Amino acid sequence: MNLPYAEPWRIKSIEIIHRSRAEDREAWIRAAHYNLFNIKSEEVYVDLLTDSGTGAMSAQQWAEIMLGDESYAGATSYYKLKESIEEILGFPYFLPAHQGRAAENVLFSALIGVGEEGRGKIVPGNSHFDTTKGHIEFRHAEALDLTIAEAFDTENPHPFKGNVDLVRLADFLEKTPRESIPVFILTITCNSSGGQPVSMANIRGVSELCRKHGVPLFIDAARFAENAWFIRQRESGYESRGIREIVREMFSYADGATMSSKKDGIVNIGGFVAFRDRAMMEKATSFNIMFEGFNTYGGMAGRDLGALSVGLRESTDYEYLEARVGQVARLGAAMVERGIPVQKPFGGHAIFIDAGRFLPHVRREEYVAQTLAVEIYREGGVRGVEIGAILADRDPVTRKDRFPALELVRLAVPRRVYTDLHMEYVAATVGNVWDRRADIKRGYRITREAPILRHFTVELEPA
Ligand SMILES: Cc1ncc(COP(=O)(O)O)c(C=O)c1O
């Protein structure tokens with residue numbers, strides 16, 4: 001008989017968490033103005049708000065923390081990270097940044113411009129992440145979503161729902177002047193479309209079109225290792241290739257990458273911009289120095305650079321990815337068993353509940369996904385996040401709410417943190433809400449919001 005699967009690690013240190021009473025959660029969520037970002041972590045039992053910066057580091061990473069070289073310039077830890085980036089991603093140049101959005105700020109300042117320089121420019125991509133879009137729109141440029149249509153049907157089993165529609169991209173590149181397109185951003189896996197991967201064929205296709213038209217291609221590499229895992233699982237010709245080999249090929253098609261290393265870097269803070277071209281890196285350097293710090297630390301402590309150098313290696317390990325993506329899939333399967341509508345195939349870092357199909361009688365103007373996220377918290381102290389109209393924000397020109405094609409609640413699984421029993425608890429919690437869904441008829445209205453990236457600080461009241 002085949003032996004069952006088990007995680008490729010054992011636990012050395014634990015953190016105590018507590019369950020809570022329903023009446024306490026009711027008071028906490030009211031005090032938080034029905035925004036889960038305002039809830040204290042001690043008021044949460046299983047925290048699936050994000051997989052960003054919430055992972056557990058290995059003993060080897062903690063050892064690197066102790067070895068951290070805090071020299072202002074030329075730190076050993078910087079060179080350790082440089083070696084990892086060059087070896088794993090294949091980029092000879094990089095600038096450290098304190099997290100992903102900081103890397104975006106540096107890259108976009110160099111490629112799109114600052115202030116009014118971005119006006120009239122268009123940055124195509126596959127469902128840009130919200131901070132990416134925020135940084136583009138902050139520069140008065142437009143983020144153009146060219147994701148394939150299949151991505152917006154949660155039941156469609158397409159294996160690569162992060163893919164770019166190459167016909168639309170070709171058409172866009174033909175019709176748009178080159179000087180209006182500063183860069184193409186390809187997000188792998190694509191967080192906003194549900195942690196869905198991009199195939200190698202599609203990365204190659206995007207790269208060929210971008211090269212033909214002289215547009216630089218940058219990869220948003222937050223979850224690059226999970227993308228490589230899916231290529232190995234689902235793309236013909238890659239089933240017996242090593243993860244590292246697949247990773248090298250993915251990046252070989254790009255001119256550079258931004259990375260929030262709080263995801264597949266398995267560190268709690270950090271990021272970088274990597275470049276193939278020295279001149280491009282040099283152009284970005286002055287922005288990095290201005291916004292982040294000198295080239296060899298750029299917003300990160302030496303110890304964090306060191307931990308990241310190890311994390312990049314660990315996240316590209318086959319057994320790690322099998323455990324990681326497998327746990328997310330087991331959570332997905334436990335939801336499907338209960339009849340809960342979730343996006344399929346399951347994403348790499350999260351399960352996305354189709355809130356539109358879960359709560360069909362809640363009006364979209366009353367924020368369907370937010371309504372469901374609040375109910376899941378109320379039920380069992382499980383914190384997820386709204387990926388719906390609140391996140392989609394207002395149109396920068398008309399200032400009207402933008403209603404996305406999908407209203408989703410994302411349950412993002414931190415790396416190496418929770419056990420499968422926690423995942424069972426989460427599925428049971430959502431299952432209880434599913435059983436009482438007919439009683440949830442009204443959502444929320446906004447009482448206070450910020451002009452950009454409103455979801456972090458929005459305040460709501462029951463509609
Ligand atoms: C795909 C993607 N890009 C960029 C970012 C921004 O990274 P950070 O949160 O480190 O600023 C995120 C964060 O979740 C992300 O998922």
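Two strands are said to pair if DSSP finds at least two bridges between them. With that in mind, this briefing on a predicted model starts from I353, whose bridge partner in β12 is V409, and from the two strands concerned, β9 and β12, which run antiparallel and are joined by five bridges.

- Three strands, in the order β9-β12-β11, form an open sheet with antiparallel pairing.
- The edges of this sheet are held by β9 (350-354) and β11 (385-387), and because each has a single partner strand, one side of each is left without a neighbour in the sheet.
- On average, and with direction ignored, neighbouring strands of this sheet are turned by 35° against each other.
- Helix α14, which covers residues 368-380, lies across β9, β11 and β12, and runs at about 45° to β12.

**T371, a residue of helix α14**

- T371 has its place in helix α14, and with a relative accessible area of 1% it is buried, because buried means under 20%.
- When neighbours within four places in sequence are left aside, the residues in contact with T371 are L359, V362, E366, I440, R442, G443 and Y444.

- Strand β8, made of residues 271-275, is mostly covered, since five of its five residues are buried.
- Both faces of β8 are covered, with G271, V273 and F275 buried on one side and F272 and A274 buried on the other.
- Strand β2 (residues 93-97) pairs with β8 in the antiparallel sense over five bridges, and within β8 the bridge partner of P96 is F272.
- Strand β7 (residues 256-260) also runs antiparallel to β8 and is joined to β8 by five bridges, with G256 standing opposite F275 in β8.

**Helices α4 and α5**

- Helix α4 (residues 100-111) packs with helix α5 (residues 130-138) at an angle of about 30°, and their axes are 10 Å apart.
- Angles under 35 degrees count as roughly parallel, and α4 and α5 are therefore roughly parallel to each other.
- The crossing in which α4 passes α5 is right-handed.
- From α4, the residues R101, E104, N105 and F108 meet T131, T132, H135 and I136 of α5, and sorted by class this contact has two nonpolar, four polar and two charged residues.

- Helix α8 (residues 224-234) and helix α9 (residues 243-252) pack with their axes 9 Å apart and at an angle of about 110°, which makes α8 roughly perpendicular to α9.
- In α8, F224, N227, A228, W229, I231 and R232 meet I243, I246, V247, M250 and F251 in α9, and by class the contact of these helices has nine nonpolar, one polar and one charged residues.
- R241 is placed in the loop between α8 and α9, and at 23% relative accessibility R241 counts as partly exposed.
- Not counting residues up to four places away in sequence, R241 touches R232, I246 and E249.
- Although R241 and I231 are 10 residues apart in sequence, their C-alpha atoms are 9.6 Å apart in space.

**Cis peptide bonds**

- The peptide bond from I188 to T189 is cis, with omega near -20°, and T189 has its place in the loop between β5 (184-187) and α7 (200-212).
- Another cis peptide bond joins K344 and P345, with omega about -10°, and P345 is found in the loop between α12 (318-337) and β9.

- H33 is not a glycine, yet it has a positive phi of about 55°; H33 is found in the loop between α1 (22-31) and β1 (46-47), and at 32% relative accessibility H33 counts as partly exposed.
- L453, likewise a residue other than glycine, has a positive phi near 50°; L453 has its place in the loop between β13 (444-448) and β14 (459-462), and at 24% relative accessibility L453 counts as partly exposed.

Key: Residues are numbered from 1 along each chain as its sequence is written. This is a predicted model: local features need pLDDT of at least 70, side-chain atom pairs count only at pLDDT 80 or more; totals for chains, interfaces and linings use all residues. Side-chain values use heavy atoms; hydrogens and water are left out. Helices (H or I, at least four residues) and strands (E, at least two) are DSSP runs, numbered from the N terminus. Axes are lines fitted to C-alpha atoms, for helices over the stretch in contact, and angles run from 0 to 180 degrees between N-to-C directions. Contact means heavy atoms within 4.5 Å. Angles under 35 degrees count as roughly parallel, over 145 as roughly antiparallel, 65 to 115 as roughly perpendicular and the rest as oblique. A crossing is left-handed if the near helix is turned anticlockwise from the far one by less than a right angle, and right-handed if clockwise. Ala, Val, Leu, Ile, Met, Phe, Trp, Tyr, Cys and Pro count as nonpolar, Asp, Glu, Lys and Arg as charged, and the others, Gly among them, as polar. Buried means under 20% relative accessible area, exposed over 50%, partly exposed in between (1.4 Å probe, protein chains only).
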